[in-house]
Each structure stands twice: as C-alpha cells, then as structure tokens.
Amino acid sequence: MKFVDEATISVHAGKGGNGVVSFRREKYVPFGGPDGGDGGDGGSILLVADSGINTLADFRFQRRYRAEKGGSGAGRNCTGKGGSDLRVPVPVGTAVYDRDTDELIGDLVAAGQELMVARGGTGGRGNTRFKSSTNRAPRRATPGTEGESRQLRLELRLLADVGLLGLPNAGKSTLIRAVSAARPKVADYPFTTLHPSLGVVSIAPHRSFVMADIPGLIEGAAEGAGLGIRFLKHLQRTRLLLHVVDLAPPDPAEDVAESALSIVGELERFSPELAARPRWLVLNKVDLLDAHQRDERAARVREALAWDGPCYEISALARQGTAQLCDAIMVYMESRAREQDASAVDNEQNSDPGSPPPADNQDPGDPG
C-alpha cells in the first residue's frame with residue numbers, strides 16, 4: 001500500500017435534539033401541567049490512536065465524518081435519545097491540526113489515546129424547564145444547538161528512537177536492512193527510498209530500539225528540492241539522529257566533506273530544534289577504501305563539520321562495525337531512559353504537597 005503521511009478531512013458533530021411543548025392530559029390530574037422533555041445531546045467525534053494502522057491511506061477515500069444527531073424530547077418529561085459518538089481510528093503518531101488556523105489540536109502518541117475534535121450540540125429544553133409560580137403553563141421550548149464542524153489536517157509522524165539522515169545512496173536503507181528485519185528497496189541509483197520505513201533493532205531479549213529510514217536529502221531541500229524535506233517531520237520524535245555519510249561516492253569528483261556539510265545546513269534551515277537533537281556521525285562504505293583513503297576522508301569530514309561527538313566507521317553492506325554501532329545506541333537509549341525516570345521521580349517528589357519542607361541552615365544540635 002502506498003505510504004500516506006498527510007490527509008485532510010472534515011468532521012461534523014451531531015446537532016442536539018429539540019425540546020418540545022407538551023401538557024399532561026390525564027383523567028385524575030385535574031390541573032395537568034407542562035411535561036415537555038428535553039432534546040438529547042448530539043454525538044461528538046473522537047480520533048482514536050490504533051496501533052494496527054500504519055498510514056493515513058484510508059482517508060483518501062472517506063474525507064467526511066458526521067456523528068449522529070440527538071433525538072427530540074417527548075411528552076411525559078421524556079428526554080430525547082443522545083446521539084452516539086463517532087470514533088475514528090488513526091495511526092499512532094498522528095498530529096491533528098485545524099486546517100483553517102493551523103493550530104495544533106492534539107498529538108496521538110499512545111495506542112488507545114483519544115482526542116475529541118468536534119463536540120456534539122446540546123439538546124434543547126422542553127417547556128417543563130420554564131414552569132414557574134407565575135407561568136404555570138409555559139408554551140416555550142428551545143431548539144438544540146448545532147454540533148461543531150471543523151476542517152482538519154492529519155499529519156503522521158513515525159514513532160522511532162533513532163532516525164537516519166543523509167544524502168541519497170549514502171547507504172541508509174542498506175544499514176537498516178543489515179541491523180533489522182526491515183526490507184526497504186535498495187538499488188544503485190538515487191532516490192531509491194520514496195517513503196519512510198521502520199525497523200526494530202533487537203540487541204538481546206527485552207533490549208531493542210526502533211530505527212527510521214527516510215528519503216535522502218539533497219542541497220536545496222529546504223526550498224523544496226527532492227523528497228526528503230517532506231519526510232523530515234518523521235525524525236522530530238526521535239531521540240537520536242545518525243548522520244550517514246558515504247565515504248566512497250560513485251562520483252570520484254564529489255567532495256564528501258562538502259556533501260556532509262550541506263546536509264547539516266538543510267537540517268538547520270528546516271528546524272533548528274531538530275538540528276540541535278543529539279546526532280552521531282556514521283561514515284559508511286569503508287570497505288571500498290584502503291586504510292589511507294579512509295583515514296584521510298574521515299578526517300576531512302570531521303574537520304568540515306567541526307565534529308567532536310561520537311563517530312563510527314562502518315560498512316553496512318559487509319556488516320562491518322554495525323554490531324558495535326547498535327550496541328552503543330542501545331547503551332545510550334538505556335542511559336537516557338534512566339535519566340528520564342530519575343528526573344520524573346525528582347519532579348514528583350518536588351510537587352508532592354505532603355513532603356516535608358526543605359531544611360534550612362539550622363544547627364543540628366539546636367532544638368530550635
């Protein structure tokens with residue numbers, strides 16, 4: 001199925017039912033009185049994150065969603081039936097925007113998470129509601145209110161721990177094939193990868209992480225050239241970026257250092273926040289070079305990027321150095337998880353109203 005990562009839909013919540021005017025007509029109730037019931041509330045529309053859906057392709061065929069309207073009230077103070085809520089399944093990782101204002105309404109990042117995008121109308125009031133000591137036979141009822149209507153833009157951002165970044169034919173797809181069960185297309189021409197793909201990298205039982213491969217970037221991508229800039233949003237949820245650099249490009253005249261620098265520039269133009277994400281340098285295809293060429297080109301790339309972070313030299317095709325790279329990533333992910341857990345515990349303790357106040361500089365021997 002074609003990968004679809006954006007869709008536009010219109011949602012219309014149900015209208016509330018009308019209240020009614022009615023009076024009691026019973027044999028042994030001499031004075032009767034108003035007994036008009038309220039209308040039922042209209043149904044709302046909720047988006048539900050479903051782990052069984054991978055793309056937004058279904059929204060190409062159905063773009064309008066309408067919830068059930070509420071029923072009108074009836075005599076004997078009977079309230080109208082409430083409209084059923086409409087739950088629309090979407091992939092986990094879907095961000096929901098108001099298409100008219102470009103406001104982010106919500107982000108569905110966990111399976112089963114729900115987001116109300118259109119609230120149903122309120123049911124109208126029947127004439128019983130207007131009875132008073134001075135108006136014992138009101139002939140007034142109110143109609144139900146309209147439900148909310150919205151135009152939405154759905155944007156799918158893949159949930160991955162590690163994202164691969166680089167030029168076309170840098171070897172990103174080969175790398176994800178080498179370390180996971182993912183099988184993206186690999187060929188000896190640019191732009192082989194046309195849509196993102198995910199792979200689970202398993203290090204040991206209960207030790208794994210998810211890697212995302214996106215189409216390669218080219219110079220000018222931030223201005224719309226190529227494919228990759230469209231898919232950079234899929235890296236915004238990742239905790240670590242791997243900048244994959246081809247040390248042995250097909251064109252001998254290509255400057256690998258300048259090529260690596262151009263990718264960093266495109267990333268900064270697209271999103272300074274994404275450019276500031278932790279990033280490791282992965283120098284690929286070292287098996288095609290002798291030791292002198294490899295060391296010289298690696299040094300030029302590090303110098304051009306002013307690189308002082310982690311750097312790994314691998315051959316994704318020969319699976320040379322890939323195990324060491326994945327082990328290091330797993331250690332990094334586990335350390336980040338421990339730091340986040342410790343930070344969450346600290347925040348919980350600091351926000352606990354029952355915790356004792358911090359001690360001042362009182363002498364421990366002073367009874368106060």
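Buried means under 20% relative accessible area, exposed means over 50%, and partly exposed lies in between, with a 1.4 Å probe and protein chains only. This is a predicted model, in which local features need pLDDT of at least 70, side-chain atom pairs count only at pLDDT 80 or more, and totals for chains, interfaces and linings use all residues. Residues are numbered from 1 along each chain as its sequence is written, and side-chain values use heavy atoms, with hydrogens and water left out.

**Stop 1: Ser10**

Select Ser10. It sits in strand 1, residues 6–12. Strands here are DSSP runs of E with at least two residues, helices are runs of H or I with at least four, and both are numbered from the N terminus. Ser10 has a relative accessible area of 7%, so it is buried. Now show its contacts (heavy atoms within 4.5 Å). Leaving out residues up to four places away in sequence, Ser10 touches Arg63, Arg64, Tyr65, Arg150 and Gln151.

**Stop 2**

Two strands pair if DSSP finds at least two bridges between them. Zoom in on strand 2 (residues 45–50), which runs antiparallel to strand 7 and is joined to it by four bridges. Pick Val48: its bridge partner in strand 7 is Glu114.

**Stop 2: strand 13**

Move to strand 13, residues 279–284. Six of its six residues are buried. In a regular strand the side chains alternate between the two faces of the sheet. Colour the two faces of strand 13 separately. One side carries Arg279, Leu281 and Leu283, the other Trp280, Val282 and Asn284, and all are buried.

Strand 12 (residues 240–246) pairs with strand 13 in the parallel sense over six bridges. Val245 has Leu283 of strand 13 as its bridge partner. Strand 14 (residues 311–313) also runs parallel to strand 13, joined by three bridges. Here Val282 stands opposite Tyr312 of strand 14. Trace the chain from strand 13 through helix 5 (residues 291–304) to strand 14: this β-α-β crossover is right-handed. That means that, with the strands pointing away from the viewer, the path from the first strand over the helix to the second runs clockwise.

**Stop 3: helix 3 against helix 5**

Show the side chains at the contact: Val256, Ala257, Ala260 and Leu261 from helix 3, and Arg297, Arg300, Val301 and Ala304 from helix 5.

**Stop 4: two positive phi values**

Most residues other than glycine have a negative phi. Select His206, in the loop between strand 10 (197–204) and strand 11 (207–213). Its phi is positive, about 65°, although His206 is not a glycine. His206 counts as exposed because its relative accessibility is 86%. Finish at Ala306, in the loop between helix 5 and strand 14. Phi of Ala306 is near 50°, again a positive value. Ala306 counts as exposed, at 62% relative accessibility.
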